[in-house]
Amino acid sequence: MFPKTQNYLSYLNNKFLSIFKPSTNIAIDESTVGYKGKISFKTYNPQKPRKWGLRVYVAVESKLGYIYSFIPYYGKLTTDSLIRSDLSFTSRIVLSLFENIRIKYPDLKGMHIYTDRFYTNAPLAQELSLFKCHLTGTINPGRKGNCKEIKKPKISKGETLAYRKNNILLLSWKDKRIVTMCSSWHDSSVETIKDILNKDLSK
C-alpha cells in the first residue's frame with residue numbers, strides 16, 4: 001500500500017502538467033528531499049549535498065527547471081508500480097515519467113529527453129524512438145549491451161570513436177578523460193567551441 005500522501009501527490013502531478021505545457025527539451029534526474037526521520041524508504045547518497053532524504057525522480061523543462069512530472073521513491077512499491085517490467089529499473093523510471101506527459105499531451109511530437117549515465121542506455125533510446133522521442137545523455141560504457149570497443153576505447157586526447165546501429169549513436173571522446181555518450185538525435189561530427197573561460201577579461 002502506498003503512503004497516505006499518494007493521493008495528494010497525484011493531484012500535484014496532474015496540476016503541474018496542466019499549468020505548463022511541456023517544451024520539446026526535457027531533462028530527467030533525481031532529487032533528494034532532506035529527511036532524517038525513521039522511514040523504510042529513506043535513502044543515503046554521500047555524493048549529494050543532502051545525504052539523507054526521500055528520493056524523487058523528476059522530469060523537468062531543460063532551461064527553466066520547471067517540474068512537469070515526478071515519481072516519489074517508496075522502495076519496492078515504486079519498482080512494482082512502474083511500466084515495462086521487462087526493462088531495467090532506470091529505463092522504467094524514464095519511460096514512466098515520459099508516459100505521464102504523453103497521456104496528458106498525446107499530440108505532443110518531437111520531444112527530446114536528456115539524461116545522465118544513471119539512466120542512459122541504447123535499449124531506452126530505442127524504446128523512446130517508437131514514440132518519435134529522442135534521447136541524449138552520457139552513458140556508462142561498461143553497461144550491458146554496449147559493444148566491447150566502446151567499453152574500453154583506445155583513443156588519445158582529442159580523438160573520438162563512434163558506432164551507429166540504425167538511429168542509435170554511441171560515441172566516446174577524450175579530453176582529460178574519456179567520456180561516452182548515447183544519442184538517437186546527433187551524428188558523430190565534432191565542432192570546436194572557443195574557450196571563453198581562459199580569455200583575458202581585463203582587456
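This note comments on one strand and its pairing partners, and then on one helix residue.

1. The coordinates come from a predicted model, in which local features need pLDDT of at least 70 and side-chain atom pairs count only at pLDDT 80 or more, whereas totals for chains, interfaces and linings use all residues. Residues are numbered from 1 along each chain as its sequence is written, and side-chain values use heavy atoms, with hydrogens and water left out.

2. Strand β9, residues 178–183, has five of its six residues buried, where buried means under 20% relative accessible area with a 1.4 Å probe and protein chains only. Strands (E, at least two residues) and helices (H or I, at least four) are DSSP runs, numbered from the N terminus.

3. Strand β9 pairs with β8, residues 168–174, in the antiparallel sense over six bridges, pairing being assigned if DSSP finds at least two bridges between two strands. A hairpin of three residues joins β8 to β9, and the bridge partner of Ser172 in β9 is Thr180.

4. Strand β9 also pairs with β6, residues 134–138, again in the antiparallel sense, over three bridges; here Thr138 has Met181 of β9 as its bridge partner.

5. Turning to the helix residue, Leu95 lies in α3, residues 89–104, and is buried, with a relative accessible area of 6%. Leaving aside residues up to four places away in sequence, Leu95 touches Ile83, Arg84, Leu87, Leu124, Glu127 and Leu128, contact meaning heavy atoms within 4.5 Å. Ser40, by comparison, is 55 residues from Leu95 in sequence and 25 Å from Leu95 in space, C-alpha to C-alpha.

Conventions:
Buried means under 20% relative accessible area, exposed over 50%, partly exposed in between (1.4 Å probe, protein chains only).
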